[in-house]
Amino acid sequence: DADLLFRRSINDLIAASEKHDAVMAIGDGVYRGKTYRRLRVASGFVLFRRSGYGLIDSWCDMLSRTEAIEDVRPWEWFWEQTCLLDAVEKTGLDILQMPEKCLSSPRFEPDAWVWSANVPTSEKQTALKLFAAELMALHK
């Protein structure tokens, strides 16, 4: 996917990551009052330090499994996120949870550092127009 728009420098986030193995968006996974494991981690934006390479190896191992996790079957929607969460839990590495203000999807908050157009197909064109307008404003 190429649906991330970096609206400001992420140097602060990179600097904050220096004492951690990786940085990622980890949430509670709640959607409409129900908790889903597959919604806990956003796999579209993950920052790894050298000390976090074990997490990459573990994630790759998890991706190669053939059994479903919850109701997510291998290589179907949410497979990468579910496997990443399993890898995080297996490795026990020090993960910096990305501040909520950093990644905004799909609300496009004006103070978010990164916008993600992770929206239903019916809303993609509207999101892309908003992204285009924001990108033009950022480069004035």
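I started at Arg-37, which is partly exposed with a relative accessible area of 22%. My cut-offs: buried is under 20% relative accessible area, exposed is over 50%, and partly exposed is in between (1.4 Å probe, protein chains only). This is a predicted model, where local features need pLDDT of at least 70, side-chain atom pairs count only at pLDDT 80 or more, and totals for chains, interfaces and linings use all residues. Residues are numbered from 1 along each chain as its sequence is written, and side-chain values use heavy atoms, with hydrogens and water left out.

**Salt bridges**

I searched the whole structure and got six salt bridges. I count one when a side-chain nitrogen of Lys or Arg lies within 4 Å of a carboxyl oxygen of Asp or Glu. Arg-37 forms one with Asp-86, with the closest N and O atoms 2.5 Å apart. That pair links distant parts of the chain: Arg-37 sits in the loop between β4 (34–35) and β5, Asp-86 in helix α3, 49 residues apart. Helices (H or I, at least four residues) and strands (E, at least two) are DSSP runs, numbered from the N terminus.

Asp-86 counts as buried at 13% relative accessibility. I found a salt bridge from Asp-86 to Arg-65 as well, at 2.9 Å, N to O. Arg-65 is in the loop between α2 and α3, 21 residues from Asp-86. Arg-65 is partly exposed at 28%. Shared partners join Arg-37, Arg-65, Asp-86 and Glu-89 into one network of salt bridges.

I then looked up Glu-134 and Arg-7, whose side chains meet in a salt bridge of 2.8 Å, N to O. Glu-134 is in helix α4 (residues 124–138) and Arg-7 in the loop between β1 (4–6) and α1 (11–16), 127 residues apart. Both Glu-134 and Arg-7 are buried.

**Helix α3**

I checked the length of α3. It has 13 residues and reaches 18 Å from its first C-alpha to its last, close to the 18 Å expected at 1.5 Å a residue. The expected span is 1.5 Å times one less than the number of residues. Its buried residues include Trp-79, Cys-83, Asp-86 and Ala-87. Their cover includes β2, β5, α2 and β6. Just after α3, Gly-92 takes a positive phi of about 65°.

**Helix α2**

Which residues of α2 (residues 53–63) are buried? I list Leu-55, Ser-58, Trp-59, Met-62 and Leu-63. They cover an arc of only 140° around the axis, so they lie on the same side of α2. The arc is taken from the directions from the helix axis to the C-beta atoms. These residues pack against β2 (22–26), β5 (41–48), α3 (79–91) and β6 (95–97).

I picked out Ser-58, buried at 5% relative accessibility. Ser-58 touches Ala-87, Lys-90 and Thr-91, not counting residues up to four places away in sequence. Contact means heavy atoms within 4.5 Å.

**Cysteines**

Why are there zero disulfides? The sulfur of Cys-60 is 10 Å from the closest cysteine sulfur, in Cys-83, too far for a bond. A disulfide needs two cysteine sulfur atoms within 2.5 Å. Cys-60 is partly exposed at 45%, whereas Cys-83 is buried at 0%.

**Aromatics**

I found one aromatic pair. Rings of Phe, Tyr and Trp (its six-membered ring) pair if their centres lie within 6.5 Å; planes under 30 degrees apart are stacked, over 60 edge-to-face, the rest tilted. Trp-77 is exposed at 64%, and Phe-78 is partly exposed at 22%.
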